[in-house]
Amino acid sequence: MPGLLATIHVVGLLTCFALLGTSRIGACIRFLALQGVLFSLVPVITHDDGLTLRVLLLAGANVALKGMIFPAVLLHLRARAGFHREVEPYIGFVASILFGIVALAVSLGLARELHPALSRAPFAMLEAAIFLISIGLFLIVSRRNALIQVIGYLVMENGIFVFGAITVVETPLLVEFGILLDAFVAVFVMGIAIFHISREFGMADADRLNTLRG
Amino acid sequence: MHPQNLVAPVLGLLLAPLLVGVINRTKALVAGRRGPPLVQPYRDAWKLFRRGAVYGEVTTALVRLGPVLNLATLIMAMLVVPFPGTGAAISFTGDLVVLVGLFALGRFSTVLAALDTGSSFEGMGASREVYFAALAEPALLIALATLTRVTHATDLAAIYGAIVIDTWSHALPALALVGVSFLVLELVENSRIPVDDPTTHLELTMIHEVMVLDHTGPDLGLIQYGAALKLWVIGTLLIGLAPLHGVDPWVAGVAGLSGMAVLAVVIGMIESAMARYRMTTVPQFIVGAATLSAVAFIVLLV
């Protein structure tokens, strides 16, 4: 199903640009949910030996976690912690989007380099995986609000998930679920930390953590 | 040049103001008013052309030149862009770059005329216009480059002639992104609502309109007619993406004209449904359009 994969590729790229260009945290969380669900479908599509129970289970768990549980946790956190509703970037939205375009071009180049070694992997998804990782990192370093940094972490996780899904032939189910569980726990721990930060300082500004230095 | 290829530009020259009429009518209907008649833009133009022009004491010939040059570039652009069902009147390799250049020249003449009036408001408008144009121009160029890549052709007539159903099926994401990008550019380049409000009365919030405040009579008529032509030309770029090549020319032409009407209604709906963006958000909107084109281009490289 190359057409479906191309659609996922394009819409997935656009969600990244939407994350880079949106100032509202609520909208960012919804874009993240869409992106998570889209890329969860990748292993189902790219799997060579048909739909095994293993693949379906993995995709189902991913959709449930990234499409429903994470957004619910993040939206709940946003409502509870009473943040500013804006993302508060260090780097402006226009500059962020321009970075995204450059990152897309660079990921394309990197994917070209990598593809001979991983010839089984669909090229578009390889590129998307590298792009997702770079955008996730960029969101973490360029935004002040701790909640959007969690979103950046999850974008990065999406990238790593796609990379794993297309390159590694056979991963034991246990390992894949272990990674998912790790992400799940990480989001919870980060959520609790953000809640405490915002209660302490009245905002979730990561800059304020500097004042804790003794 | 075939004579039948001149039909579309002539039709465009005649029908372009109607597009503005349809937009205004749609906005009025959505707002629950009856609205001006569809031919109101023609009546306005007729009224303005019969009037005399007033020029400020500090102005030079640039003020008179601006509207004429702007209109001339847009008529040229109309000759280069093919309409569904016919070819372009003039076609040569690389005419898509010329199209972008013509838009830039028209804008340059308007900006010079605005600066020449010596009004600080018009200087402010000129500064904004050029800033936003600097962002919109790459979007248009990259979108056209994407089309070049999809169709393996280097002039607009060949590009639009090569878009058939098969093209859409193998380059669906890229063409869809280019289409959305053209729609955004139609709003940006013609100062429609999410970017600029053509009917605003507050000079401080204006972008394009503030540049033409000092133009009167026939000059203003030329500017308003030019605005309608620009709406038509960029609309043609968007409508031409429909896979109408190979269809009977009459059917394609009628489909193209109805497409333009639908486009005008869509613009009217967008204007009714959306509020103007803050001035600081406008660059984000335009860069968004450039991003769509760039993603379309890069997706093709995959």
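The radius of gyration used here is taken over C-alpha atoms, and the globule rule is 2.2 Å times the number of residues to the power 0.38. Keep that rule at hand for the first stop. The model on your screen is predicted.

**Stop 1: chain B as a whole**

Select chain B. With 302 residues, a compact globule would have a radius of gyration near 19 Å, and chain B agrees because its own value is 19 Å.

Now switch to a cartoon view. How many helices and strands does chain B have? Count 11 helices and 0 strands. Read along the sequence, the pattern is α-α-α-α-α-α-α-α-α-α-α. Of the 302 residues of chain B, 49% count as buried. Next, think about contacts in chain B between residues at least 6 apart in sequence: 80% of them join residues at least 24 apart.

**Stop 2: a loop residue in chain B**

Select A242(B). You are in the loop between α9 and α10 (249–273) of chain B. Is A242(B) buried, exposed or partly exposed? A residue needs 20 or more other C-beta atoms within 10 Å to be buried, and 12 or fewer to be exposed. A242(B) has 18 C-beta neighbours inside 10 Å, so it counts as partly exposed.

Show what A242(B) touches. Leaving out residues up to four places away in sequence, you will find P84(B) and G259(B). Then draw a distance from A242(B) to G256(B). These two are 14 residues apart along the chain, and their C-alpha atoms are separated by 8.5 Å.

**Stop 3: chain A as a whole**

Hide chain B and select chain A. Here you see 8 helices and 0 strands. From the N terminus on, they run α-α-α-α-α-α-α-α. Of the 214 residues of chain A, 41% count as buried. Take contacts between residues at least 6 apart in sequence: in chain A, 74% join residues at least 24 apart.

Colour chain A by confidence. Its mean pLDDT is 84, and 89% of its residues reach 70 or more. Where in chain A is confidence lowest, and where is it highest? It is lowest in α8(A), at a mean of 79, and highest in α6(A), at 93.

**Stop 4: a residue in helix α8**

Stay with chain A and pick S198(A). This residue lies in helix α8 (residues 173–201). S198(A) has 22 other C-beta atoms within 10 Å, so it is buried. S198(A) and A146(A) are 52 residues apart in sequence, yet 9.3 Å apart in space, C-alpha to C-alpha.

**Stop 5: where the chains meet**

Bring chain B back. Here 17 residues of chain A are in contact with 12 residues of chain B. On the chain A side, α1 (2–21), α5 (93–114) and α6 (123–142) each supply at least two residues. Colour that side by class: 14 residues are nonpolar, 2 are polar and 1 is charged.

**Stop 6: the nonpolar core**

Finish with the largest nonpolar core, which has 142 residues. Which members touch the most others? Select L19(A), L132(A), I151(A), V162(A), L19(B) and V295(B). Helix α9 (residues 217–239) of chain B gives the most to this core, with 14 residues.

Zoom in on V162(A). Leave aside its neighbours within four places in sequence. V162(A) is then in contact with F39(A), V42(A), M125(A), A128(A), A129(A) and L132(A).

Terms used: Residues numbered from 1 in each chain as written. Chains lettered and ligands numbered in written order. Predicted model: local features only at pLDDT ≥ 70, side-chain atom pairs only at ≥ 80, totals over all residues. Core = buried A, V, L, I, M, F, W, Y, C linked by C-beta atoms within 7 Å. Helix = DSSP H or I, 4+ residues; strand = E, 2+ residues; numbered from the N terminus. Contact = placed C-beta atoms within 7 Å. Nonpolar A, V, L, I, M, F, W, Y, C, P; charged D, E, K, R; others polar. pLDDT = per-residue confidence, 0-100.
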